[in-house]
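Hello,

Here is the structure I promised to pass on to you. Please have a look at it first, and then read my notes below.

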Amino acid sequence: MFEGGIILSKKRAFLFILPALAFVTVFLIFPAIWAIYIGLTNESLTGIYGLNHQFVWFDNFIKAFKDPWFHSSLQISFKFVFGSLVGQAGLGLLLALLLNNKKGILKELVSNIVIIAWIVPGVVVAYLWVAFLDKDFGLLNSILGILGFARVNWFHTLPVGVIIIFNTWRGTAFSMLLFMAALQSIPPSYLETADVIGASGWRKLRDIIIPLIKPQILTDLILLTLWTFNVFTPFILTKGGPAHMTEILPIYNYRVAFMGIGRIGQGAAISTIILLINLTLALIYLKMLKRK
Amino acid sequence: MMFKQRTNLWNNFWVYLILFTLVLFFILPMLWLVIAPFSSKASLAVKITLPSLNNFRELFKNKIAILAFKNSFIISFSSTIIVTITSMLAAYALSRTNFKWRSTLLYALLLFSTVVTGIAAMVPLFVLNLRLGLIDSYLSVIFVFIGGFLPVSIFIIKDFFDAIPKDYEEAAIVAGSTPSQGFFRIILPLSQQGMVVIALYIFMNTWGSFLMPFILLRSVNKYPVSVAIYTFFTQEGLPLLGLLSAYSLLYSLPVIVLYIIINRKFGFGFHGGLKG
């Protein structure tokens with residue numbers, strides 16, 4: 001008797017959707033499509049191409065592929081994403097496994113600390129790590145000093161390592177929470193049976209836990225890849241330096257588009273490349289969602 | 001039996017050792033934030049000195065610092081309120097009607113919100129705001145936040161609406177109420193939790209956001225805290241660590257407090273795969 005339209009007429013439904021749709025269209029969908037057009041022009045922030053820019057076809061893309069900084073930023077991004085992935089998913093799984101059957105204050109304490117690292121503003125986290133890793137006064141070098149090690153200038157010795165560890169520290173909570181929820185869904189009887197036949201912890205992990213939470217692991221990995229690829233906070237920590245060594249693709253994009261004369265067209269071409277990489281990752285993710 | 005107990009003890013030893021190491025990894029970098037603000041001579045070191053509130057006193061005298069807090073609140077509050085209202089309206093329509101292109105719209109929302117991040121769109125978003133004459137106004141940042149956070153909010157709140165049986169409103173309509181009465185008297189009270197979840201989700205995310213205000217705002221007196229914190233340097237370019245650490249702590253407090261509230265009230269976990 002009551003079909004779709006009784007609660008809300010079609011006209012009213014459209015009016016309800018309209019404000020949200022307007023914002024999303026103008027400030028999310030349109031910019032993505034417009035990036036492609038800007039990327040085909042030689043627009044710049046200052047200089048002669050500031051006001052009247054020309055259509056230059058694929059010049060910006062050719063320039064990007066010829067720019068060694070573009071290639072190095074791609075490589076650094078790849079290392080950064082891969083390292084963070086191993087760090088975050090690894091620590092997240094480890095924490096979830098260790099805390100799984102724990103109760104009370106220990107579990108609360110550990111998970112709260114990990115979650116606070118995740119929700120505190122990125123700028124603050126960056127300053128925390130500047131202080132922690134400082135060569136002369138930083139806590140890490142002080143502790144190493146007490147243990148008899150020499151002081152290390154971490155930002156110079158291990159630039160990519162620093163931003164990976166920084167990002168792992170910041171983002172582990174997501175994987176931890178996801179895996180905690182996943183482990184809760186494993187029927188306890190499975191693990192009890194394994195205990196009865198005397199399976200070791202490692203065998204339980206490999207033969208029961210991992211196969212059962214495989215969908216969550218895949219979801220975690222693809223989302224982390226997408227998110228980590230789209231992270232800008234290392235900029236606050238290192239500004240891309242020293243000597244461009246931590247210049248991941250987003251920071252390279254920022255530098256090209258907004259520093260110096262502000263090559264907006266060139267920057268938009270790089271944005272287009274980032275959008276295409278995101279699109280590929282998103283399609284993989286959506287396909288996985290559908291299969292579930 | 002004896003043997004089994006000993007392996008348990010041994011296993012427990014390893015479990016606690018690893019947990020202890022992990023806790024150290026997460027807690028050591030945080031110590032500075034808790035200690036430096038109260039130190040009379042703040043440095044990058046974690047050193048316990050006589051506790052002092054001097055840094056906070058200095059901070060409250062700093063006009064830019066105070067203004068930036070206000071700016072952060074303006075930006076986060078406006079984004080939160082507008083996203084919450086518009087996403088609830090849209091989600092309600094998407095939950096209660098079944099028009100032809102509904103699933104296409106949902107798929108497009110999901111796809112675009114996943115692909116178009118602030119990072120990927122920083123250049124076109126800047127150019128768009130430049131053309132609209134919005135550069136250096138709060139509105140630029142607020143609009144970009146609204147566009148960016150709407151899809152996620154719609155999905156979260158739609159889950160809550162979907163869980164409420166349609167029969168409730170249908171019964172109300174049969175009993176003579178109008179559709180809007182159905183929405184305000186039945187749906188809103190039942191989906192309060194969802195509303196609070198998205199409001200807090202958006203507030204926490206916009207509060208810490210750096211890149212968009214960094215790109216879209218030019219005047220120091222419009223900076224939110226995330227960008228203003230950059231101005232705490234001496235003329236020689238050295239950071240004013242006392243101010244900086246005190247400011248970082250104050251800036252972090254709202255999100256930590258909100259987290260504690262969410263955790264107490266709802267439990268902090270996953271709602272449809274998202275943080276909230």
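A:His244 counts as partly exposed, because 17 C-beta neighbours lie inside 10 Å, a count between the cut-offs of 12 or fewer for exposed and 20 or more for buried. Please keep in mind that this is a predicted model. You will find A:His244 in the loop between H12 and H13 of chain A. Its backbone deserves a look as well: phi of A:His244 is near 65°, a positive value in a residue other than glycine.

A:Pro242 has its place in the loop between helix H12 (234-238) and H13 of chain A. The peptide bond that joins A:Gly241 and A:Pro242 is cis, with omega about 0°.

Another positive phi belongs to A:Trp57, at about 55°, although A:Trp57 is not a glycine. This residue sits in the loop between H1 and helix H2 (59-66) of chain A. Is A:Trp57 buried or exposed? A:Trp57 is exposed, because 10 other C-beta atoms lie within 10 Å of its own, and 12 or fewer is the cut-off for that class.

Now to where the chains meet. The contact takes 73 residues from chain A and 78 residues from chain B. Several helices of chain A each supply at least two residues of the side that touches chain B, including helix H1 (10-38), helix H3 (68-99), helix H8 (159-184) and helix H14 (264-291). Which helix gives the most to that side? H1(A) does, with 18 residues. By class, the side of chain A that touches chain B has 60 nonpolar, 10 polar and 3 charged residues. For the complex, the predictor gives an ipTM of 0.92 and a pTM of 0.92.

Chain B comes to 12 helices and 2 strands. From the N terminus on, its elements run α-α-α-α-α-α-α-α-α-α-α-α-β-β. With a radius of gyration of 24 Å, chain B is well over the 19 Å that the globule rule gives for 276 residues, so it is more spread out than a compact globule. Its C-alpha trace spans about 75 × 70 × 35 Å along the principal axes. Of the 276 residues of chain B, 45% count as buried. Among contacts in chain B between residues at least 6 apart in sequence, 74% join residues at least 24 apart.

B:Ile75 is buried, because 25 other C-beta atoms lie within 10 Å and the class needs 20 or more. Leaving aside neighbours within four places in sequence, B:Ile75 is in contact with B:Tyr138, B:Val141, B:Ile142, B:Thr206 and B:Pro224. The C-alpha atoms of B:Ile75 and B:Phe143 are separated by 9.7 Å, and these residues are 68 apart along the chain.

Last, a word on confidence. Chain B has a mean pLDDT of 87, and 92% of its residues reach 70 or more. Among the elements of chain B, helix H10 (residues 211-216) has the highest mean pLDDT (96) and strand E2 (residues 274-275) the lowest (38). Over residues 271-276 of chain B, pLDDT stays under 50, and the model has 12 contacts beyond four places in sequence for them. Where pLDDT is low, the predicted coordinates should not be read in detail.

Best wishes

Conventions: Residues numbered from 1 in each chain as written. Chains lettered and ligands numbered in written order. Predicted model: local features only at pLDDT ≥ 70, side-chain atom pairs only at ≥ 80, totals over all residues. Contact = placed C-beta atoms within 7 Å. Helix = DSSP H or I, 4+ residues; strand = E, 2+ residues; numbered from the N terminus. Nonpolar A, V, L, I, M, F, W, Y, C, P; charged D, E, K, R; others polar. pLDDT = per-residue confidence, 0-100. Rg over C-alpha atoms; globule rule 2.2 N^0.38 Å.
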